[in-house]
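Have a look at the sequence and the model first.

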Amino acid sequence: MSLLVAGGRVVTPVDGGPVRDLGLLDVLIDGNRIVAVGEVGGARAAAAGSCETIDATGCFVLPAALDLHVHLSAQASNGGEPNGFVDDFAMGTAAAAAGGVGTVGQMSFAEDGWTLSGALNRDAAAAQRDARVDVLLIPGLVTPTAEDVAAIPALARAGHPALKVVDPSFGGDPSLIEAAIAAAGRAGMIALVHCENAALIDAAGRRLIASGRGGLEHFAQSRPVETEVSSVRWAVEVCRRTGTPMVLVHVSSAQALAVAASARADGVPVFVETRPMYLHLTDEVFSRPQPGRFTGMPAVRSARDVAALWQGIADGTVHTVASDHAPWRLADKTDSGLTVASARMGVADLQTWVGMLFSEGVLGGRFGIETFVEVTSTNAARLYGLAPAKGSVSVGADADLMILDPLRHSVIDGAAQYSAAGYSVYDGMTVRGGVRACVVRGALAWSDTGVLAAPGHGQLVGRTSETGALGRAVARGESGWSGLAPT
Ligand SMILES: [Zn+2]
């Protein structure tokens with residue numbers, strides 16, 4: 001027996017059903033797996049004093065979060081990329097572990113001269129060498145070719161449960177993008193779709209620059225809500241036509257959510273991911289000094305949009321939250337030469353989002369701990385075909401746990417975090433509750449006592465497993481809660 005997590009309050013899905021608060025229990029781990037979840041003292045007796053113990057008294061013991069939307073760099077360890085994302089897999093997964101995240105989903109794109117298989121091999125090698133938590137590789141296509149579409153069944157056979165695509169306005173052929181989505185569905189994958197209309201954004205940016213308002217304080221006007229909503233309408237129609245289960249990534253606005261939710265209510269298998277920045281910030285940030293700190297795709301929105309997204313999590317129309325961790329150094333984000341058309345997109349959020357969601361969501365009274373577990377782990381595990389190994393605290397599951405202390409208190413300081421970004425968009429904000437430890441594959445990946453797993457502790461997931469059941473399980477049926485099929 002290797003590890004006992006004793007006396008915490010366990011919240012987990014039970015037997016493939018809804019997430020439930022099971023009360024105070026012991027969790028016993030042997031090797032990589034959970035081998036017993038039982039009454040306090042019982043599992044301890046079974047362990048016969050032979051294993052290391054984490055005292056989780058006063059804490060929640062939850063499935064480690066799945067953050068299936070991150071952008072880490074395979075090359076950052078070689079001195080960093082001056083104009084790119086600055087966290088390599090070692091830094092990014094240190095931030096993940098400290099933030100309660102046990103699995104990250106890396107977007108591996110065929111762009112910047114890389115073929116898709118080249119990008120996947122590059123990221124697989126970096127993950128195997130450097131990752132401290134588990135990594136799922138997600139192949140991504142911006143301008144797919146017919147050969148890319150033909151290769152999609154092989155991606156599914158290799159164990160990739162999801163394919164990322166972007167709106168055709170970013171330069172792809174619309175018919176090939178739809179063909180890629182259809183092929184992914186036939187192969188049992190889900191499609192992840194970036195919904196923004198780049199042509200409308202370009203036009204808005206040109207108008208702003210021509211009228212002398214090209215500075216980053218005008219960033220929100222350069223990407224108005226319609227640029228997201230029109231793309232979501234396109235994606236929903238493709239989802240309806242192809243029947244491929246689809247996750248709309250980083251949904252940012254009330255209107256976009258409403259379009260997705262009404263299609264979902266209509267039986268279209270479209271699911272919604274949102275991004276923490278859209279829950280904690282409004283477009284007021286662009287009137288602060290250094291508006292470039294906050295630029296991302298889409299832009300942060302109004303207070304009304306923020307309220308709608310919180311409500312969406314509470315009512316089950318938002319299914320997952322993911323960081324879209326895309327870290328830049330502050331100096332690169334706030335370069336004075338940048339305009340709305342050349343802004344550097346993305347922020348560091350891997351270490352902060354889970355704690356902030358607990359603070360503002362659960363302790364803020366917006367939803368219960370069960371919903372928190374659904375949107376941080378269980379729903380993603382089910383949608384991406386990683387359940388029941390991931391997303392639950394149950395016998396046979398991977399021993400990936402988040403130990404969360406609701407009484408903890410901290411003030412965010414990005415300069416003290418693992419990301420090389422060196423700042424956080426939430427600097428100075430107070431967080432109630434916090435991660436005390438993150439267990440990945442039966443061993444501490446991070447704890448507040450100073451433990452940090454070595455690079456290489458994490459493993460690639462999905463990639464080598466049998467995936468025939470993955471997307472099909474998603475499409476198979478409804479369980480009546482959150483619209484997600486148990487596996
Ligand atoms: Zn992204």
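**Pocket exercises**

Among the elements lining the second largest pocket, E15 contributes the most, with four residues. You're looking at a predicted model, where local features need pLDDT of at least 70, side-chain atom pairs count only at pLDDT 80 or more, and totals for chains, interfaces and linings use all residues. Numbering runs from 1 along each chain as its sequence is written, and side-chain values use heavy atoms, with hydrogens and water left out.

**Exercise 1.** Describe the second largest pocket.

*Step 1.* Start with the term: on a 1 Å grid over the protein atoms alone, a pocket is an open set of points where a 1.4 Å probe fits, with protein on both sides within 12 Å along at least five of seven lines; lining residues have an atom within 4 Å of a point.

*Step 2.* Its volume (the space filled by probe spheres set on the points, joined across faces, edges and corners) is about 380 Å³.

*Step 3.* Of its 18 lining residues, Ala98, Gln351, Ser410, Ile412 and Gln417 are closest to the centre.

*Step 4.* Helix H14 (353-362) and strands E14 (401-411) and E15 (430-440) each supply at least two lining residues. Helices (H or I, at least four residues) and strands (E, at least two) are DSSP runs, numbered from the N terminus.

**Exercise 2.** Now do the largest pocket.

*Step 1.* Its volume is about 1,200 Å³.

*Step 2.* The lining has 41 residues, with His71, Phe85, Glu111, Asp112 and Met297 nearest the centre.

*Step 3.* H7 gives the most, five residues.
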